[in-house]
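Welcome! Here is a colleague's note to keep beside the model while you find your way around.

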Amino acid sequence: MAADLEPLLDPASIAVVGASPDSWYSSRLMTNLLDYGFDGPVYPVNPGREEAWGRTCYDGIEDVPEVVDLVVVSVPREAAVDVVRSAADLGIPSALVITAGFAEADDRGRELQADLAEIAANTGIRVAGPNCIGLANMRSGTVLTSTCSRQPTPGNIALVSQSGALAFTTFYERATDEDIHFSHIVSTGNEADLGLADYVDYLAADPKVDVICTYIEGVDDPRRFVRVAAEAVRAGTPVLTVKVGRSATAEAATLSHTGSLTGDDEVWDAALESAGVERVSDIPDLISSASAVSAYEPPASDRVCVLSTSGGLASLLADFASMHDLVLPALAPETEQALIDMEGLLTFGELPNPVDIRGYGAEVLPEIADVVFADDNFDAYLLAIGLSGVDDRAARVAADIETIVQRTDAPVFVLWTGRKEPGDLPDPQPFERLREHVPLFYDPERCVEALATLAAAREKPEDVTVPSTRPGQLDDGSYPADSVLTWTEATGLLETAGISPVESTVVTDPESAAETAAAIGFPVVMKVDSRDVPHRKEVGGLVLDITSPDAAASAYATITDQVATTVHGASINGVVVQPAIDEGVEVLLGTRNDPGFGPVVTVGSGGTLVEQFDDRSMRLAPIDRAQAEAMLAETTLATRLTEAERSAVADLLVRVSDLVTSHPIDELDLNPVIVSEGDCAVVDALIRTR
């Protein structure tokens with residue numbers, strides 16, 4: 001259930017413990033709270049003072065004349081825990097712990113943070129922080145931070161940030177400079193109790209919040225965040241994020257191809273995509289995309305008409321549109337002809353999209369807009385103005401654009417790349433007046449990315465399922481923990497999930513190898529069976545295309561001798577003999593246990609192609625049949641396999657997903673699976689248990 005954060009984010013009364021005019025932080029916080037519009041009772045608590053800010057100071061929260069909704073704690077860390085405990089005993093529903101020096105500091109700080117978490121769990125008080133720079137509800141004037149430098153203007157964009165300084169000194173200040181305004185800003189601090197997902201869950205239920213922005217450094221339970229974000233998006237509140245850590249790699253060493261292909265950041269990408277959360281590159285992108293999503297409903301399609309006063313800018317925008325999967329359809333013949341015939345628009349010959357209307361086109365923008373708005377080929381529009389934004393001509397162009405935007409229900413994006421330094425006109429300058437009415441962009445790629453983000457909001461996410469990230473124990477205890485399984489163990493485990501590898505036999509001497517190979521039928525493949533040799537080919541543990549009993553006996557000796565020489569001390573259980581399967585498409589199916597997300601499933605091209613091409617798709621496990629089919633559609637397998645073959649692979653993928661969500665498997669690698677004539681032949685398997 002969503003946490004009740006009303007007393008925290010929209011309190012009727014507040015006590016500030018540690019309020020002192022002599023403290024830079026708490027004095028600024030009190031001043032902002034009183035100056036920026038909060039009209040409820042505010043009680044300073046400071047046993048060293050009788051009065052401050054024209055108000056009575058109380059010795060402790062138990063002396064405050066009412067049970068407040070929120071206690072703000074800005075005292076040394078040892079005392080902070082006692083204050084929160086006392087608040088809980090008094091029935092105060094929420095606490096904002098500004099104090100630093102907890103888990104981010106030292107062992108004692110970690111102990112004290114654990115105490116805060118325990119108090120919250122045992123009493124029900126909801127705790128924001130500690131080590132939290134503050135929060136703000138712009139609609140109610142509840143500004144509880146020292147770093148908000150100016151009076152907030154209420155807006156419809158919510159921000160939840162795991163960086164406090166970025167939240168107020170960067171996100172807030174930069175957005176306000178661009179006339180982009182927030183409804184709420186939350187700095188989550190160390191998240192002893194309330195975390196990122198709690199705030200997103202609460203804000204998504206607010207009908208006045210159009211879009212939620214998040215800045216993520218790390219999440220203890222990322223699956224919960226994915227589920228909450230997906231629910232928000234499905235309910236109509238887009239979630240955008242800047243997730244830092246693209247350079248991080250998986251914490252655990254990986255043996256399989258799957259593990260080496262899915263670093264932590266790739267898993268985040270897959271999880272966010274499945275949840276419908278749009279990941280953007282940096283702070284300006286987040287702000288500009290949020291402003292677009294807040295201003296417009298998503299377009300009915302990705303089809304965009306670009307009108308540019310510069311041919312070079314038009315070409316640049318075409319490249320960015322392609323990079324962000326936006327479509328630029330051709331103008332309808334009648335639209336093209338109408339523009340060519342337009343008086344005052346210096347165009348000649350053909351007019352492709354993007355449309356170069358040249359500088360002269362800025363003089364007849366309303367007429368151009370009427371023509372292209374009548375063309376059914378487009379559901380969104382981008383006006384690129386490569387002219388000065390601070391002269392009399394700019395004033396006319398800005399006024400025309402204001403008129404144009406009112407003539408269509410479709411999104412109209414405005415890119416203005418000309419001069420911004422003020423000239424002789426009085427402030428605000430024309431381009432500044434324009435952004436009061438429409439999202440305005442100055443950077444071509446940022447503009448296109450914002451348009452792509454808005455278009456993506458049209459699609460609702462998949463039905464994201466969130467199982468436990470701690471799967472149960474293996475059924476009978478016969479498989480060793482923290483170990484690579486032998487071929488016999490691996491095939492036995494696969495068969496419990498209804499996955500039958502190709503016919504194979506483990507032999508322990510050359511004579512048995514010859515007899516078994518003959519019984520299977522030539523050609524055969526032979527490979528070492530050893531939990532100490534996960535990658536057989538690299539150490540001479542694999543021989544292909546064996547065509548006679550003598551060759552099989554010789555291969556046995558070669559394999560065992562080579563492995564014993566190369567991998568000192570390797571325990572060799574025998575040699576696997578199986579039929580050679582040469583015809584078909586090689587596919588990789590695998591999973592790995594991500595340190596944060598738990599089981600992740602991957603499918604893509606297998607065999608020798610696995611590391612040569614970025615041809616794979618990932619999801620959090622478990623997946624259902626629809627998700628398996630969606631994964632295949634994201635790879636080249638969609639065109640390389642027949643319908644029956646895709647169906648067989650999708651079925652196998654679901655079985656693999658079910659297996660790893662019910663057993664403690666760290667890595668599973670089926671590579672290759674050879675797919676032919678509607679059948680999946682699992683010819684190799686690597687499984688490592690946790």
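1. **Before you start.** This is a predicted model, in which local features need pLDDT of at least 70 and side-chain atom pairs count only at pLDDT 80 or more, while totals for chains, interfaces and linings use all residues. Residues are numbered from 1 along each chain as its sequence is written, and side-chain values use heavy atoms, with hydrogens and water left out.

2. **The whole chain.** The chain has 22 helices and 29 strands; helices (H or I, at least four residues) and strands (E, at least two) are DSSP runs, numbered from the N terminus. Its C-alpha trace spans about 95 × 80 × 35 Å along the principal axes. Of the 690 residues in the chain, 55% are buried; buried means under 20% relative accessible area, exposed over 50%, and partly exposed in between, with a 1.4 Å probe and protein chains only. Among contacts (heavy atoms within 4.5 Å) between residues at least 6 apart in sequence, 73% join residues at least 24 apart.

3. Look for the open sheet of 5 strands with the order β2-β1-β5-β6-β7 and parallel pairing; two strands pair if DSSP finds at least two bridges between them. At its edges are β2 (42-45) and β7 (126-128), each pairing on one side only. Neighbouring strands in this sheet are turned by 20° against each other on average, with direction ignored.

4. **Following the bridges across.** β1 and β5 run parallel and are joined by 4 bridges, and Val16 has Val72 in β5 as its bridge partner. On to the next pair: β5 and β6 are also parallel, over 4 bridges, with Val73 standing opposite Val97 in β6. Strand β6 (residues 94-97) then pairs with β7 in the parallel sense over 3 bridges, where Leu96 has Ala128 in β7 as its bridge partner.

5. **What covers β5?** Both faces of β5 are covered. Leu70 and Val72 lie on one side, Val71 and Val73 on the other, and all are buried. Helix α2 (residues 24-35) lies across β1 (14-17), β2 and β5 (70-73), and runs at about 170° to β2. For such angles, axes are lines fitted to C-alpha atoms, for helices over the stretch in contact, and angles run from 0 to 180 degrees between N-to-C directions.

6. Strands β17 (residues 380-385) and β18 (residues 412-416) run parallel and are joined by 5 bridges. Tyr381 stands opposite Val412 in β18, and Ala384 has Leu415 in β18 as its bridge partner.

7. **Helices α3 and α4.** The axes of helix α3 (residues 77-90) and helix α4 (residues 107-123) come within 10 Å and cross at roughly 5°. That makes α3 roughly parallel to α4; angles under 35 degrees count as roughly parallel, over 145 as roughly antiparallel, 65 to 115 as roughly perpendicular and the rest as oblique. From α3, Arg77, Glu78, Val81, Val84, Arg85 and Ala88 meet Arg108, Gly109, Leu112, Asp115, Leu116, Ile119 and Thr123 in α4. The residues of this contact divide into 6 nonpolar, 2 polar and 5 charged. Here Ala, Val, Leu, Ile, Met, Phe, Trp, Tyr, Cys and Pro count as nonpolar, Asp, Glu, Lys and Arg as charged, and the others, Gly among them, as polar.

8. **Helices α5 and α10.** Helix α5 (residues 164-177) and helix α10 (residues 283-295) have axes that come within 10 Å and cross at roughly 50°. That makes α5 oblique to α10. The crossing is right-handed; a crossing is left-handed if the near helix is turned anticlockwise from the far one by less than a right angle, and right-handed if clockwise. Leu166, Thr170, Phe171, Arg174 and Ala175 in α5 meet Ile283, Pro284, Leu286 and Ile287 in α10. The residues of this contact divide into 7 nonpolar, 1 polar and 1 charged.

9. Ser322 lies in helix α11 (residues 311-323). With a relative accessible area of 53%, Ser322 is exposed. Ser322 and Val448 are 126 residues apart in sequence, and 9.7 Å apart in space, C-alpha to C-alpha.
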